[in-house]
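Take a look at the fold below.

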Amino acid sequence: MKNVVLLGSTGSIGTSTVKVAEDLPDQIRLIGLAAGGNADLLLEQARKHKPSVISISDPAKAKQLQNALGTSAQVFCGSEGLLQLATLPAADIVLIAIVGTAGLQPALAAIRAGKDIAVASKEILVMAGEIVMNEARKHGVRVLAVDSEHSAIFQCLEGKPASSVRKLILTASGGPFRDKTIWPKEKFSEITVERALKHPSWVMGKKITIDSATLFNKGLEMIEARWLFDIEMARVGVVVHPQSIVHSMVEFVDGSLLAQLSTPDMCLPIQYALTYPERAASERVQTNFPKIGTLTFEEPDVERFPAIELARRAGEVGGTLPAVLNAANEIAVEAFVNRKINFPQITEMVRCTMDAHETISQPTLEQILEADAWARRTAAK
Ligand code: MG
């Protein structure tokens, strides 16, 4: 039995994690749940799974939840609540699926308390990959990937060191604007918010769906992979694979390739992270090759999607630059969703902010957070 704390229980990854826990009642126990704003769903989850502790951002909602649950659960609120849950003595693993930078401090707190962490929030490794991985090594805990790509690479590597790897190959669906004949570069300024929110293979939150359309999502994943698997950026490649069946691949030094495949379903990488090193039996994900028929691969179009190269640059330079890329992108996506800028301007905003940044190498967490705040102010201008 694994005691799991889930931070971000009402979002897309959070609700999938709850499904996994319901699939495996003898193996996974949800002992702590934290949500941002959706008190109704959190209450429903708490009644069903009976965690000993829950937390919600808003103190007023926390009071209502405490009244509704009585003595059956302790209710915390705000960032303090996230830290309480992340360090819960009974927790074996803390799954962090909070949108934005709010997951960073709880991730470090969990590591320092000796907990394994499962990371779904990209910001954690993009902003502070070096610090997080160093802390994890120091405290002898695992950092497990929940993202389908990193889970795939982790499964293919099976603990082999970076020296046995020629290249990590992240697959990308290519997003809704992959087809150059329908969406040539000249038409990119006509892309509407509604159109960008329609993703061909995954149903996800708004921010990550826009990131999949610009390919910034893949860019952030390249930086994550660099830290998770301790490999330099030059050996992290991307291939576009519209069917999203191959979740990523590892090319070893002898030229042999291993890939992990399945019908796309986030429950699979979540389950693997929570049951690792075991594989738990589940009927949820079924893959039918004759029905799929064809798997295709193509080069990413860096002309139309400069996000890949911007991320490569940020990952190569390192220091505070990945945090700047991440923050500027968040502001740009928000501006696009609010119809203040057009689609190609998302990438332009990120590029300009990166160009204006004076990178600090080997930054402290404080310097990273300062760079994040600076990038938000600069991008907003
Ligand atoms: Mg992914």
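A strand here is a DSSP run of E with at least two residues, and strands are numbered from the N terminus. This is a predicted model. Start at strand β3, residues 53-56, which holds Ile54. Is Ile54 buried or exposed? Buried means under 20% relative accessible area. Ile54 has 0%, so it counts as buried. Leaving aside residues up to four places away in sequence, Ile54 touches Leu33, Leu42, Ala46, Leu65, Leu69, Gln74, Val75, Phe76 and Leu85. Now look across to Phe229. It sits 175 residues from Ile54 along the chain, and the two C-alpha atoms are 32 Å apart.

Strand β3 belongs to an open sheet of 7 strands. Strands of a sheet pair through backbone hydrogen bonds, either parallel or antiparallel. In this sheet the pairing is parallel, and the order is β4-β3-β2-β1-β5-β6-β7. Which strands stand at the edges? They are β4 (74-77) and β7 (143-145). Each has a single partner strand, so one side of each lacks a neighbour in the sheet. From one strand to the next, the twist averages 25°.

Zoom in on one pair. Strand β1 covers residues 2-7, and strand β2 covers residues 28-35. They run parallel and are joined by 6 bridges. Within this pair, Val4 stands opposite Leu30 of β2. A helix packs on the sheet as well: α11 touches β1, β2, β5 (93-96), β6 (116-119) and β7. The direction of α11 makes about 155° with that of β5.

Strand β8, residues 165-172, runs parallel to β9, and 5 bridges join the two. Leu170 has Val238 in β9 as its bridge partner.

Now for the backbone. Most residues other than glycine have a negative phi, and most peptide bonds are trans. Where does this model depart from that? Leu215 has a positive phi, near 75°. It lies in the loop between α9 (206-214) and α10 (216-228). Leu215 is at 4% relative accessibility, so it counts as buried. Ser244 also has a positive phi, of about 55°, although it is not a glycine. Its loop runs between β9 (236-240) and β10 (246-252). Ser244 is buried too, because its relative accessible area is 6%. Then there is the peptide bond from Tyr276 to Pro277, which is cis, with omega near 5°. Pro277 lies in the loop between α11 (267-275) and α12 (289-292).

Finish at the surface. Leu261, Phe289, Leu295 and Phe297 form a nonpolar patch there. Together they have about 330 Å² of accessible area. Phe289 lies in helix α12. With a relative accessible area of 42%, Phe289 is partly exposed.

Key: Residues are numbered from 1 along each chain as its sequence is written. This is a predicted model: local features need pLDDT of at least 70, side-chain atom pairs count only at pLDDT 80 or more; totals for chains, interfaces and linings use all residues. Side-chain values use heavy atoms; hydrogens and water are left out. Helices (H or I, at least four residues) and strands (E, at least two) are DSSP runs, numbered from the N terminus. Buried means under 20% relative accessible area, exposed over 50%, partly exposed in between (1.4 Å probe, protein chains only). Two strands pair if DSSP finds at least two bridges between them. Patches are made of residues with over 30% relative accessible area and no salt bridge: like charges are joined within 9 Å, nonpolar side chains (Val, Leu, Ile, Met, Phe, Trp, Tyr) within 5 Å. Accessible areas come from the Shrake-Rupley method with a 1.4 Å probe; for residues, only the protein chains shown count as cover. A salt bridge is a side-chain nitrogen of Lys or Arg within 4 Å of a carboxyl oxygen of Asp or Glu. Contact means heavy atoms within 4.5 Å. Axes are lines fitted to C-alpha atoms, for helices over the stretch in contact, and angles run from 0 to 180 degrees between N-to-C directions.
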